[in-house]
Amino acid sequence: MTKTPGASGAENPVADPRDYVQDGLILIGCSHSGRELVPECIELALANRHGLVTGATGTGKTVTLQVLAEGFSAAGVPVFAADIKGDLSGIAVKGDPSPKLVARAEEIGLKRYGNTSFPTAFWDIFGVDGHPVRATVQEMGPLLLSRLMELTEPQEGVLNIAFRWAQDEREAGDERMSILDLKDLRSVIDEMGKRAASLRSKYGHVATSTVGVIQRRLLVLEEQATDKFFGEPALDIMDFLKVDADGHGVVNVLAAEKLMDTPRLYATFLLWLLTELFEKLPEVGDLEKPKLVFLFDEAHLLFNDAPKAVLEQVERVTRLIRSKGVGVYYVTQSPGDVPDRVSAQLGNRIQHALRAFTPKEQKAIRAAAQTFRPNPEIDTERAIQELKVGEALVSLLHDKGEPSMVQRTLIRPPMSRVGPITAEERKNLIAKDKANLEKYGQSLTRESAYERLQSRNTVGGQIKERLSKFSNLFGLKR
């Protein structure tokens, strides 16, 4: 690229986000080579090689996320982003030409800088600040559910038995033994406890005390309103892969302010979402641009106290999901928050300032500096501590996937609003999103494991159960 994207001599600037997407490159900001401005850009063809955005609180990470989301959207790439503080919601409305943003645009040579909005869909697990996001308990699976419930290994084993027993019942012809919500799971666990003696030979020992522990953990989830997440209609992952009539990728914003009160649910949900993308999207190899970019804020929550099986799943999904055309960008305070095996998969790196007041923090800065390809003109370790708000050390993949030398970069100003939208603006935007509103606005209830087991435990149900078992001896369906 020979000039800064968006640079022009036009006297009347026209706000067009495509100005920052040229020749398969997305402008992130500009560095200096002597007196010359050098654009720092993410190559769309390498954006699925993932990335890492780090920095202390208040150094500009959220604005950088907004710039990334704007750039990908302008390039026609849908985005999913968790909005931890509510500030990212501003991407849905036109920004204001504040003096600071205009000054930054002039500083990095953006002559055509202006303001505009980007197509946005709002989502919320609790169904308050966005369209409800739901999944069935079966889709979540015992591994992630065990982590959400903080179960021990023996307790996880009993939960696995519950899922397997219900599956075997469905395969035997009782399709209504589906575990859709927590009420279904509670019923299955309870029934399995009652049948422990008859189930032991096939599935193993089911201790009554373990059943009680799992039931209590389910009660805790219900008290945290987690039950709102489990049910139908379940999220269709393809609804995150939309573009608008102008070819801009839709930015899917998950309202996560309330969700952060239950950080384990937040981390489990996002890992489930990544896993769903991995399992349901077809293999596409390397494309000219990603099919979706996933911005994972507060990524350290994914790894904190995670059991080995979960860490292995995160590493596996991160390593292989690029072949599905998905780029994952982890956002956290320090590069040390991300395990080495996962960090090794993150090629595009943006490092905002870190502060060092203790020997441990100084060691973290030294380690962060060592993750970059060295630049002989920059003392990386020192620069990390000197960076101003809105400034970052940037190393991005180029050519055949080689990381560029680290550059001290001024991040470009966003075109959308910096800061949250109002409650009224959010309400109106959600109401205008007719397709998602009609599809997910109302919860659905159908007969599943809870109703089926209630029916089985009546006198009539027990007679039908005996008749059913008798019929099965002759190969008849229930």
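Buried means under 20% relative accessible area, exposed means over 50%, and partly exposed lies in between, with a 1.4 Å probe and protein chains only.

## Basis

The model is predicted: local features need pLDDT of at least 70, side-chain atom pairs count only at pLDDT 80 or more, and totals for chains, interfaces and linings use all residues. Residues are numbered from 1 along each chain as its sequence is written, and side-chain values use heavy atoms, with hydrogens and water left out.

Helices (H or I, at least four residues) and strands (E, at least two) are DSSP runs, numbered from the N terminus.

## Backbone

Most residues other than glycine have a negative phi, and most peptide bonds are trans. Asp305 has a positive phi of about 60° although it is not a glycine. Asp305 belongs to the loop between α9 (300-303) and α10 (308-320), and it is exposed, with a relative accessible area of 70%.

Asp399, likewise not a glycine, has a positive phi near 55°. The loop between β13 (397-398) and β14 (402-403) holds Asp399, which is exposed at a relative accessible area of 57%.

The peptide bond that joins Glu232 and Pro233 is cis, with omega about 0°. Pro233 is placed in the loop between α7 (208-223) and β8 (251-255).

## Aromatic pairs

Rings of Phe, Tyr and Trp (its six-membered ring) pair if their centres lie within 6.5 Å; planes under 30 degrees apart count as stacked, over 60 as edge-to-face and the rest as tilted. The structure holds 13 aromatic pairs. One of them joins Tyr266 and Phe296: the ring centres are 6.1 Å apart and the planes are at 80°, so the pair is edge-to-face. This pair links distant parts of the chain, with Tyr266 in helix α8 (residues 263-280) and Phe296 in strand β9 (residues 292-296), 30 residues apart. Tyr266 is buried, with a relative accessible area of 0%, and Phe296 is buried, also with 0%.

The rings of Phe303 and Tyr330 have centres 6.0 Å apart and planes at 55°, so this pair is tilted. Because Phe303 lies in helix α9 and Tyr330 in strand β10 (residues 326-332), the pair ties together parts 27 residues apart in sequence. Both Phe303 and Tyr330 are buried. Ring pairs link Phe80, Trp123, Phe240, Tyr266, Phe294, Phe296, Phe303, Tyr330 and Tyr440 into a cluster.

## Charges over rings

A charge sits over a ring if NZ of Lys or CZ of Arg is within 6 Å of the ring centre and within 35 degrees of the ring normal. Lys324 has its charged end over the ring of Phe278, 4.7 Å from the ring centre. The charged end of Arg426 sits over the ring of Phe122, 4.8 Å from its centre.
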